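Biologist: Please put the model on screen. I have questions about its interfaces and a few residues.

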Protein chains: 4
Amino acid sequence: MTVVSQRIDKKYGTRYAQNVDAYRKHLQKNDLSFAMGLTDVKGDRSLRPSQQKRHQDYYIRIVEERKDGIVVRGAKTHISQAPLCNEILIAPCRAMREDDKAYAVAFGVPANSRGITMISAEPEVHEVNLFDHPIAGSVYINDATIIFEDVFIPNERIFLKGEWDFAGQVAYMFANFHRLSAETYKAMELELFTGAAVLMAEYNGVEKVPHVREKLTWLAMYTEAVEILGRSACEHCISEPDSDLVYPNPMVANICKFYFADNWHQATKYIQDIAGGIMVTCPSGKDFMNPETRDLMDKYLGAREGVPTEHRLRMAKLIRDLTSSYEDVLTIHAEGSLEAQKLSIYALADFDLYKAAAKRAARIQDDAKQSIYSRLPDFPPVGLD
Amino acid sequence: MTVVSQRIDKKYGTRYAQNVDAYRKHLQKNDLSFAMGLTDVKGDRSLRPSQQKRHQDYYIRIVEERKDGIVVRGAKTHISQAPLCNEILIAPCRAMREDDKAYAVAFGVPANSRGITMISAEPEVHEVNLFDHPIAGSVYINDATIIFEDVFIPNERIFLKGEWDFAGQVAYMFANFHRLSAETYKAMELELFTGAAVLMAEYNGVEKVPHVREKLTWLAMYTEAVEILGRSACEHCISEPDSDLVYPNPMVANICKFYFADNWHQATKYIQDIAGGIMVTCPSGKDFMNPETRDLMDKYLGAREGVPTEHRLRMAKLIRDLTSSYEDVLTIHAEGSLEAQKLSIYALADFDLYKAAAKRAARIQDDAKQSIYSRLPDFPPVGLD
Amino acid sequence: MTVVSQRIDKKYGTRYAQNVDAYRKHLQKNDLSFAMGLTDVKGDRSLRPSQQKRHQDYYIRIVEERKDGIVVRGAKTHISQAPLCNEILIAPCRAMREDDKAYAVAFGVPANSRGITMISAEPEVHEVNLFDHPIAGSVYINDATIIFEDVFIPNERIFLKGEWDFAGQVAYMFANFHRLSAETYKAMELELFTGAAVLMAEYNGVEKVPHVREKLTWLAMYTEAVEILGRSACEHCISEPDSDLVYPNPMVANICKFYFADNWHQATKYIQDIAGGIMVTCPSGKDFMNPETRDLMDKYLGAREGVPTEHRLRMAKLIRDLTSSYEDVLTIHAEGSLEAQKLSIYALADFDLYKAAAKRAARIQDDAKQSIYSRLPDFPPVGLD
Amino acid sequence: MTVVSQRIDKKYGTRYAQNVDAYRKHLQKNDLSFAMGLTDVKGDRSLRPSQQKRHQDYYIRIVEERKDGIVVRGAKTHISQAPLCNEILIAPCRAMREDDKAYAVAFGVPANSRGITMISAEPEVHEVNLFDHPIAGSVYINDATIIFEDVFIPNERIFLKGEWDFAGQVAYMFANFHRLSAETYKAMELELFTGAAVLMAEYNGVEKVPHVREKLTWLAMYTEAVEILGRSACEHCISEPDSDLVYPNPMVANICKFYFADNWHQATKYIQDIAGGIMVTCPSGKDFMNPETRDLMDKYLGAREGVPTEHRLRMAKLIRDLTSSYEDVLTIHAEGSLEAQKLSIYALADFDLYKAAAKRAARIQDDAKQSIYSRLPDFPPVGLD
């Protein structure tokens with residue numbers, strides 16, 4: 001918002017930058033946590049906000065303008081940790097056209113404001129049992145749908161109000177940071193993911209089997225490549241003109257997120273292949289804690305000598321949690337879907353550079369001179385030679 | 001067992017075929033359900049049964065021979081529905097060497113025999129809630145670990161006892177049927193899987209988006225290819241010599257199972273991409289049944305006009321269940337892992353035929369004449385032409 | 001043409017079936033070879049035939065109608081073996097609209113008719129040297145561009161003339177047979193392809209290296225799967241109603257061709273990985289025939305003991321030919337591109353069946369009852385259970 | 001050689017570093033070009049140098065030691081540009097054991113020394129025709145097999161002589177630089193490769209077709225990812241201890257080369273899919289220069305309005321050259337095969353770090369504390385919570 005609010009003020013003479021700045025200071029001073037509400041519930045995806053037929057509230061919109069503020073209605077969804085936050089920051093999730101003007105709105109609002117309802121996602125598991133669910137039992141991201149039924153937003157908390165031509169910029173600038181945020185936590189997750197694969201292979205006594213070693217190699221490469229690409233997005237960050245702000249390199253950040261998400265299902269296939277059926281046919285940790293069954297499980301569900309059976313069972317359970325449909329979907333859709341990254345990469349690609357290189361190699365002479373390749377001398381005019 | 005017991009009797013003059021026949025009649029007459037116990041718990045996978053270091057009971061073995069029968073010890077695991085069956089049929093899961101003789105044992109036994117303990121897999125879900133878990137809540141395969149602590153097996157129920165050179169044959173013949181069994185239920189599962197993808201695309205209004213249409217096409221192809229290949233394994237079945245028994249074509253059945261399992265994670269990636277984040281951030285069905293939240297969910301979580309919100313939510317939940325780690329592992333490991341199919345395909349491949357074809361094309365003359373290609377006339381001896 | 005001409009006559013009272021029949025008898029009686037000219041040169045692919053801007057002759061069209069026949073202009077391309085044939089059979093390559101009426105034309109014509117010019121593809125190699133080019137040197141498919149500059153076609157050789165609504169049917173019916181024709185020759189090609197991989201692995205002494213064995217297994221599976229699917233397209237052929245004609249099962253034939261082409265580049269990657277750099281850095285066969293260099297090559301370019309160096313070199317050359325860009329493009333584009341198969345599969349898929357299955361599993365009750373799944377009893381109306 | 005010669009001298013008191021230094025100065029002073037001869041012809045790949053059965057000369061070895069030097073015999077292969085160089089630098093291509101001592105040899109030698117014979121690879125094309133072969137006709141890498149028949153090497157040009165325990169280090173240190181060298185020229189090649197795909201799509205009028213746009217996006221991503229990873233291998237280079245030398249980051253360089261080569265066949269499939277059959281059925285440029293056929297080709301082989309037909313034909317020919325088997329093999333095998341990269345990545349991976357992360361997540365307490373994860377506080381000892 002900081003970057004884009006300055007751009008809007010420049011064009012329209014608004015004072016959003018000041019509002020953003022004041023809001024940031026408010027958050028800092030009072031140590032308030034906040035959630036970013038970007039994704040609208042969207043309704044029929046083939047229709048833009050103002051085209052929706054069932055009702056007009058599938059994207060958050062301004063339903064009333066008052067002297068001292070606006071009233072908004074609509075809903076945001078998949079908003080991680082929202083019910084645990086003090087404040088909610090709302091922004092548009094897509095580019096808009098003039099018809100969608102009422103939907104071009106951004107603001108900050110206390111989470112307990114009148115008119116706001118949150119409905120949390122169904123948790124993966126319903127009891128605390130960290131043996132059986134070391135991830136799903138300890139981390140509940142609490143993705144919520146936040147519904148705004150005519151919520152009042154005072155003027156000083158408004159960061160966008162009808163400037164529809166900037167809605168896309170807000171969404172894309174957010175994505176630049178958000179893609180990278182995925183890479184920072186995903187690189188860590190992959191370290192433990194790959195570690196779980198290695199340990200399970202060792203526990204089962206198969207870590208030297210060639211196809212297992214090949215899969216472990218692939219997992220290590222996948223882990224490191226995400227780390228390298230994410231780091232490179234920072235090292236080659238972009239400076240906002242006339243500003244001291246930098247943001248992650250969009251091309252690199254998008255490639256990194258795509259690479260990570262595009263290979264995830266391959267990674268889950270590999271780790272499940274290595275872990276074996278015990279991942280899902282393993283009895284409950286409660287059976288392992290039960291004196292009646294513990295000794296039998298301890299004797300028969302062990303594997304390599306020297307490895308406690310408990311370690312193997314805990315690792316099997318960890319891998320199940322790491323490859324749940326929740327983790328799959330988090331990978332594909334959080335921080336933007338695979339298609340969103342493709343769109344960004346397509347938009348960012350320097351196709352003119354590539355074309356100039358190809359023309360030179362094919363010995364095609366051309367008037368258009370737009371890239372470094374064109375600044376190289378042309379090959380001489382030729383027939384067959 | 002029917003096929004292999006005849007082979008054993010032929011070689012060793014045993015009378016297993018008669019035992020198998022009597023056991024089958026016993027099952028039929030009393031309408032008894034039975035589970036097939038194949039997979040041993042295995043311990044350290046780098047060691048054969050008799051080499052295990054921690055203890056000698058990782059594969060079921062004969063611990064005592066009596067005049068009227070044998071006493072067995074060990075454990076089988078991943079045995080679907082075992083706790084619901086009347087009888088358990090036990091057979092070796094791998095080829096063995098002479099050292100492993102005590103482990104070459106097959107028999108039928110009542111499930112409630114003295115010395116048998118079963119520990120069921122932890123269920124995916126712990127309550128009946130078919131809105132949130134239409135698959136996991138209605139189908140609990142009850143994969144069990146079955147432990148045999150010195151169980152007595154009378155002579156007339158023994159089908160293999162120490163003939164270690166036939167242990168592999170029992171396992172492989174079982175696999176021929178078992179691979180196909182996967183294909184029969186998987187072809188049906190893929191129909192509903194692909195249907196869920198189509199419906200979710202339609203509900204969300206994206207079924208005409210090119211990348212979605214491409215994925216739906218791929219899913220239809222995947223579904224039909226599994227059907228075609230499985231059917232072909234039956235149509236080109238193999239006759240056991242000197243017998244009226246046929247079994248599914250092993251090459252085709254293995255290719256089909258491999259094709260299905262190898263592409264499964266691609267399929268889950270596609271359906272999760274189409275379904276969107278709602279798959280896992282959707283509130284519980286209990287929230288939808290709750291009058292306080294129902295109307296809000298109904299309004300905001302709907303999509304295309306004319307489609308009840310409930311349909312969309314139920315479909316999202318179905319897709320989550322269809323792409324759980326349980327389903328993933330069932331795909332990869334049930335009926336033999338990907339590597340097991342590769343081993344079979346490698347063993348069954350007619351490499352000599354392929355080699356003869358390549359030699360002819362490369363104009364290499366060779367004395368070895370072992371295939372139809374070699375019965376074709378050789379190209380004349382040549383230098384460069 | 002036989003099938004579709006009957007359909008046209010039925011609708012429009014034309015007598016094309018009679019013409020087709022007479023033409024077939026003419027070909028048979030005089031033992032004439034003929035080439036099928038389907039693919040037009042097409043110009044700008046984003047425009048239909050009548051929309052082309054540069055000129056109107058990118059698709060073959062009728063430029064004049066006379067009492068005794070028509071005059072046609074345009075060009076067909078990629079027409080294998082055309083310059084070696086007696087007759088050319090021309091048909092439309094796509095569905096058309098009314099505007100494209102002049103392009104809805106099919107006919108038979110002697111290859112040496114006035115106004116026809118053929119320009120052959122540049123051959124892969126320009127000398128006969130079957131050591132270095134065992135495939136490219138012995139098989140020149142002679143793909144030609146056939147240009148029709150105002151060629152007269154007498155009435156009795158016309159099989160379609162302006163019935164634009166049947167243009168697509170001609171193309172699709174041809175594809176049904178053509179896809180299968182690919183599978184018949186490709187299944188044989190894959191046998192020698194896989195054989196070359198096995199032999200090269202053996203010659204180099206790497207056939208037991210795990211990653212090589214894995215690749216050989218995959219190649220055998222690929223080879224057999226193409227065979228099985230192609231055979232199944234015949235075994236489950238479709239009968240034309242009111243006719244004694246059958247045609248290959250379109251769904252199966254399309255899946256087979258797609259499976260083959262979609263995996264081809266994976267196969268070339270594997271065989272090139274196994275063959276090693278010698279595939280392309282090997283000196284010429286002429287150097288091997290040259291007494292000055294033969295002994296050195298024989299000594300140093302050998303590999304496994306007992307295998308003549310000549311065999312290894314010939315096999316390396318064969319693999320180069322098998323993985324040339326010519327073979328790649330033949331795989332992807334001949335008999336219809338990958339996208340053409342996808343379009344067919346999408347059109348043929350029984351999505352309603354899949355949807356009914358998914359609805360039943362998600363416990364969605366619905367009025368529409370269109371498939372076998374709908375004939376199964378519905379699950380009872382439910383809330384959470 | 002500079003890095004490793006110092007290490008050898010340190011251990012064995014030899015004076016190789018001085019020889020390397022003198023040789024470098026000799027090359028610089030006289031402006032001599034040189035080729036690096038690394039890959040031996042290898043014979044049976046399942047046997048080490050000294051185990052070869054057919055003869056002992058499959059790897060270059062010392063056959064005689066004299067007071068003033070050594071005599072070597074053997075052959076190196078795939079040595080690009082060797083016949084055009086003044087000097088050849090020979091080094092071992094693999095790790096060796098004590099038995100292979102005679103093969104642990106490195107030296108510099110004038111290319112025209114007595115006893116050296118070079119046999120060049122068969123060129124891809126045999127005439128200069130840059131219309132039909134813009135790449136293969138203008139770039140002949142002249143990969144040669146260099147045979148050493150008892151060549152004398154004076155003491156001052158020897159850099160390794162029997163120190164078998166350093167043979168592997170020489171090979172691996174070379175690979176660190178060599179992998180990166182691939183990335184520098186491949187990143188440029190991919191720019192023109194992707195440019196050719198874009199131009200051909202535009203020429204054909206299909207650049208907005210969704211599946212084409214998706215492929216172009218993928219190609220742009222592939223191109224940029226190779227650039228980013230290669231650059232990162234430099235930015236995160238490794239310092240040789242006690243030396244002012246740095247070398248490319250081995251993990252990053254290996255990941256980059258693997259990523260490039262592993263995706264190459266996918267890239268060729270995409271560009272061939274976009275380019276269409278004309279890539280290989282296009283008549284020769286000679287036909288285009290021929291007045292008899294030029295006008296017909298110009299009229300009928302054109303595509304989008306405004307694009308000269310010549311441009312389209314040249315681009316089709318360029319793509320054929322870019323996807324030849326030569327380019328494929330260069331990608332896979334030059335600078336080390338895919339398997340070589342996998343071995344390096346496996347060897348370099350920090351599996352202990354990954355394992356510590358996984359144990360912490362699965363709440364396994366362990367005595368081994370070897371990574372940053374282990375320095376984090378353990379989770380408290382737990383049963384189920």
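Predicted model: local features only at pLDDT ≥ 70, side-chain atom pairs only at ≥ 80, totals over all residues.

Modeller: Residues are numbered from 1 along each chain as its sequence is written, chains are lettered from A and ligands numbered from 1 in the order in which they are written, and side-chain values use heavy atoms, with hydrogens and water left out.

Biologist: Which rotation superposes chain C on chain D?

Modeller: Copies are superposed by least squares on the C-alpha atoms of residues with pLDDT of at least 70 in both. The RMSD for chain C on chain D is 0.0 Å, the shift along the axis is 0.0 Å, and the rotation is 180 degrees. The two copies are thus related as by a two-fold rotation axis.

Biologist: How many residues of chain C are in contact with chain D?

Modeller: Contact means heavy atoms within 4.5 Å. Of the interface residues of chain C, 100% are also interface residues in chain D, so the copies meet through the same surface. Chain D contributes 75 residues, and the number from chain C is 75.

Biologist: What area do chain C and chain D bury between them?

Modeller: Buried area is the accessible area (1.4 Å probe) that two parts lose on being put together, summed over both. In chain C, the residues that lose the most area to chain D are C:Arg54, C:Glu122 and C:Tyr300, together 13% of what that side buries. Carbon and sulfur atoms carry 55% of the buried area, and the total is about 6,100 Å².

Biologist: How many salt bridges does the rule find across the interface of chain C and chain D?

Modeller: A salt bridge is a side-chain nitrogen of Lys or Arg within 4 Å of a carboxyl oxygen of Asp or Glu. D:Lys299 and C:Asp57 form one, at 2.6 Å from N to O. Across the interface of chain C and chain D, the rule finds 14 salt bridges.

Biologist: What area do chain D and chain A bury between them?

Modeller: Chain D also superposes on chain A by a rotation of 180 degrees, with 0.0 Å of shift and RMSD 0.0 Å. The contact takes 68 residues from chain D and 68 residues from chain A. Of the buried area, 70% is on carbon and sulfur atoms, and the total is about 5,900 Å².

Biologist: Which salt bridge does A:Glu202 make with chain D?

Modeller: Across the interface of chain D and chain A, the rule finds four salt bridges. At 2.9 Å from N to O, the side chain of A:Glu202 meets that of D:Lys355.

Biologist: Which residues of helix H11 of chain C are buried?

Modeller: Helices (H or I, at least four residues) and strands (E, at least two) are DSSP runs, numbered from the N terminus. Buried means under 20% relative accessible area, exposed over 50%, partly exposed in between (1.4 Å probe, protein chains only). The buried residues of H11(C) pack against elements including helix H4 (210-235) of chain B and H4 and H5 of chain D. In H11(C), residues 338-348, they are C:Leu338, C:Glu339, C:Gln341, C:Lys342, C:Ser344 and C:Ile345.

Biologist: Which residue just after H1(A) takes a positive phi?

Modeller: Helix H1 (residues 2-12) of chain A has buried residues A:Val3, A:Val4, A:Ser5, A:Ile8 and A:Asp9. Their cover includes helix H2 (16-29), strand E8 (158-161) and helix H3 (167-204) of chain A. Just after H1(A), a phi of about 70 degrees belongs to A:Gly13.

Biologist: Is C:Phe288 buried or exposed?

Modeller: C:Phe288 lies in helix H7 (residues 285-289) of chain C. Beyond its neighbours within four places in sequence, its contacts include C:Phe131, C:Met297 and C:Leu313. Its relative accessibility is 0%, so C:Phe288 counts as buried.

Biologist: What is the distance in space between D:Met118 and D:Ile147?

Modeller: D:Met118 sits in strand E6 (residues 116-120) of chain D and is partly exposed, with a relative accessible area of 24%. Leaving out residues up to four places away in sequence, D:Met118 touches D:Ala82, D:Ala144 and D:Ile146, among others. D:Met118 and D:Ile147 are 29 residues apart in sequence, and their C-alpha to C-alpha distance is 6.1 Å.
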